[in-house]
Structure formats: structure tokens, C-alpha cells
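Please view the structure first, then read the notes below it.

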Amino acid sequence: MLPTIEWRDDAVVMVDQRKLPAEETYVSCRSAAHVARAIKTMVIRGAPAIGVAAAMGLALGVKQSSSTGTQKLAADFYKLCELMAATRPTAVNLFWAIDRMKQSFAAGVTAGESVDQLKARLVAEAAAIHDEDVASCRAIGAFGASVVPDKARILTHCNAGALATAGYGTALGVIRGAIEAGKTVAVFADETRPFLQGARLTAWELVKDGIDTTVITEGMAAPLMRDGRIDLVVVGADRIAANGDTANKIGTYTVALVAREHGVPFYVAAPVSTIDLDTRDGWSIPIEERDGREVTHVKTVRLTPEGAKVFNPAFDVTPHALIGGIITERGIARAPYTDSLAAIVGRETVAG
Ligand code: MRU
């Protein structure tokens with residue numbers, strides 16, 4: 001299993017995803033602020049991994065607090081929650097993880113726990129979030145294997161793999177699950193401009209696992225699907241609204257449209273923590289806009305002329321009508337998603 005993120009000797013250690021595949025180096029975050037910066041600058045990225053990082057960052061920050069009273073510790077904790085919440089706006093797993101840490105902290109306070117007990121509780125909660133994410137990904141893989149035909153040629157976009165989660169992956173978890181179920185698969189990895197998660201990260205982890213991998217540029221997906229060379233598309237998600245509209249890496253919507261045009265099944269794979277029943281539809285999902293430099297430059301080399309404007313939204317929304325199924329650790333949700341997602345989450349949709 002790839003080491004995406006771990007808690008080691010009171011530091012949050014993560015593989016630096018900005019440098020892969022050229023260098024496999026690790027960043028050791030020794031403060032909550034350092035973890036927040038790592039999320040923002042994409043040392044670590046991918047919705048579930050961002051959630052795990054935020055939880056560990058909160059645990060680390062609280063553990064380092066010099067406050068001796070519960071009230072002061074609570075003030076420190078809630079300030080750190082704000083810091084984490086300001087890192088990236090689209091992946092709902094970030095806010096889910098912060099909420100879960102808040103609930104744990106509140107339960108400890110209600111139980112009258114000491115400052116040391118509260119600190120230990122948050123470290124344990126972050127570890128649980130990490131371990132549960134790996135278990136969820138494995139279950140997603142097991143459910144997802146059922147939609148993968150033998151000898152499938154699967155197209156994926158961005159990186160929804162071990163690197164984007166605590167391990168195993170969501171979309172790549174489906175691929176790993178199919179292989180574990182004895183199927184043969186070949187993967188086409190969209191390059192995924194501008195951060196190149198597909199070309200750099202998906203290809204890196206699949207090749208490491210010995211999985212047949214072909215990197216394609218975004219524009220090649222349409223002719224491949226037209227020519228009948230793709231059997232299935234599986235992508236991850238950053239936020240799934242109550243009606244099934246799904247935010248994922250920019251370019252996913254185009255892939256979904258092309259898949260519909262050519263009759264290729266299009267699946268989303270994501271843990272329940274990515275489902276946001278409080279967001280009614282895709283229009284209500286906040287879309288992060290990142291620095292134009294990601295588009296104008298490759299490393300230090302400028303690609304575009306000075307003076308050309310840049311638009312760099314990091315995500316787009318695929319309408320639910322284009323999605324054949326949403327593969328979760330509790331089963332596969334099918335249309336109508338308003339009903340199936342509420343049943344999977346286990347509560348009523350409250351989005352107005
Ligand atoms: O900007 P990123 O790299 O964080 O975007 C990641 C994606 O869009 C992934 O597909 C998504 O988070 C799912 S990861 C299991």
C-alpha cells in the first residue's frame with residue numbers, strides 16, 4: 001500500500017504529490033498551520049486525503065496547545081478548525097472531517113474529560129478517520145468490481161487513487177477491486193491539465209502496482225470512445241449533491257458528455273463522506289479557482305504569452321443525468337439519486 005499520509009512521532013508525514021513521479025519525497029508537518037499550508041499548496045490532495053490531513057492537523061495543533069484549561073483549549077481548537085476550513089472549498093470531505101472532530105471534542109467536554117484526555121481523544125479520532133477511509137475504499141472496490149466486465153478498458157480522470165485517499169483509492173479502488181476479483185483490466189489515464197494528476201499520479205501508482213496503464217491527453221478520450229476502445233469510465237468525486245450532481249476535477253463533465261454520446265457507462269466512486277445532502281444540486285457547490293500560474297507555467301517555464309488572461313477553475317459539475325451509478329462503501333446508488341443517496345447516507349435530504 002502506498003504511504004499517502006501518516007501520523008509519526010507527533011508529526012503528520014505525507015508524500016509530496018507536487019514532486020511525483022520525479023521524486024518520492026516526504027513532507028513532515030510539525031504544526032497545524034504547516035498541515036493547512038500542505039493542503040492549500042497540494043502537497044496532499046484528493047477529497048478523502050484532504051479530510052484525513054485536516055483531522056490529523058487538528059489533532060496535532062490541539063496536542064501542541066499550551067492551554068491548561070478546557071475552555072482555552074476549546075478556543076484554540078475552534079480557531080484551528082477555521083484555519084483548516086479555509087484551505088480548499090470544494091471537497092466536502094474536508095468539512096465532514098472537521099465536523100467529526102468537533103463532535104468528538106464536544107463529546108469529551110460533555111463527559112468532563114481533562115485537557116490531556118481531550119488531546120488523546122482527538123489523536124484517536126483522526127486515526128479512526130484515516131483507518132475508516134481505507135476500509136471504505138476497499139468496500140468501494142468490492143462493490144465496484146461488479147460493474148467491471150472482464151478484459152475491461154477503463155478510462156479515469158484525475159487521480160482518485162491511493163494518493164487521493166488514506167490508501168487503495170475510490171475510482172482506482174474499483175480497478176483494484178476488479179483485479180482482486182480475478183478480472184483483467186487496462187486503464188486509460190487522462191493527463192488532467194493543469195496539475196497533471198492523471199499523467200503524474202494515477203500513472204505512477206498504477207505502474208507501481210503492475211496495472212496496464214496508458215496515459216492520454218484530454219482530447220483523446222472522445223476518439224477512443226467513438227472507436228469503441230473504452231468499456232467503462234470511473235472517476236472520483238469532491239462533492240456529491242443531494243440530487244446526484246457531482247463536482248470532480250475540471251474536465252470530468254466533458255468526459256461524461258462524451259461517454260453519454262458513445263453509450264459508455266459512466267460511474268462515480270466515492271465514500272459516503274463525499275455525499276453532501278445539505279447541498280441541493282450542483283449549482284450550489286462552491287468551485288475553487290486556483291492560481292492562473294498553474295495554467296501559464298510548467299514548473300518555471302512560461303507557456304502562454306504575457307497579457308493573455310487565464311481562467312482556472314479546479315473542478316466542474318457533472319449533472320446527475322449523465323451518471324450511471326455512484327459506487328459507495330454501502331452499495332451502488334442509482335437514479336433517482338435524491339432517494340438512493342438519502343437511503344445510503346441514512347437520513348432525509350435537508351437541502352431546501
Ligand atoms: O485538485 P485535486 O487534485 O484535489 O482534485 C482531486 C479530484 O478531483 C479527485 O478526483 C477527487 O478528489 C476524488 S479523490 C478520491
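**Ligand shell and backbone notes**

The shell around the ligand holds eight nonpolar, six polar and four charged residues. Here Ala, Val, Leu, Ile, Met, Phe, Trp, Tyr, Cys and Pro count as nonpolar, Asp, Glu, Lys and Arg as charged, and the others, Gly among them, as polar. This is a predicted model, in which local features need pLDDT of at least 70, side-chain atom pairs count only at pLDDT 80 or more, and totals for chains, interfaces and linings use all residues. Residues are numbered from 1 along each chain as its sequence is written, and side-chain values use heavy atoms, with hydrogens and water left out.

**Confidence**

- The chain has an average pLDDT (the predictor's confidence in each residue, from 0 to 100) of 97.
- A score of at least 70 is reached by 98% of the residues.
- Strand 10 (residues 266–269) has the highest confidence, at 99, and strand 12 (residues 297–298) the lowest, at a mean of 94.
- Helices (H or I, at least four residues) and strands (E, at least two) are DSSP runs, numbered from the N terminus.

**Ligand site**

- There are 18 residues around the ligand, and Arg45, Gln197, Asp238, Asn248 and Lys249 come nearest. A residue counts as near if one of its heavy atoms lies within 4 Å.
- The side chain of Arg45 places an N or O atom 2.8 Å from an oxygen atom of the ligand.
- Gln197 has a polar side-chain atom 2.8 Å from an oxygen atom of the ligand.
- Gly46 uses its backbone: an N or O atom there is 3.0 Å from a ligand oxygen atom.
- On its own, the ligand has 410 Å² of accessible area (Shrake-Rupley method, 1.4 Å probe), and the protein covers 100% of this.
- The ligand takes up the space of the largest cavity. A cavity is a set of points, on a 1 Å grid over the protein atoms alone, where a 1.4 Å probe fits but cannot get out.
- Helix 2 (47–63) and strand 9 (246–249) are the elements that give two or more residues to the shell.

**Backbone geometry**

- Most residues other than glycine have a negative phi, and most peptide bonds are trans.
- The Leu20 to Pro21 peptide bond is cis, with omega near 0 degrees. Pro21 sits in the loop between strand 2 (11–15) and strand 3 (26–29).
- Arg193 to Pro194 is also a cis peptide bond, with omega near 0 degrees. The loop between strand 5 (185–190) and helix 7 (197–208) holds Pro194.
- Tyr168 has a positive phi, near 80 degrees. Its loop runs between strand 4 (152–156) and helix 6 (171–180).

How values were computed:
A polar contact is a pair of N or O atoms within 3.5 Å; within protein, one must be able to donate a hydrogen and the other to accept it, and residues adjacent in sequence count only if both atoms are side-chain atoms. On a 1 Å grid over the protein atoms alone, a cavity is a set of points where a 1.4 Å probe fits but cannot get out, and a pocket is an open set with protein on both sides within 12 Å along at least five of seven lines; lining residues have an atom within 4 Å of a point. A molecule sits in a cavity or pocket if more than half of its atoms lie within 2 Å of its grid points.
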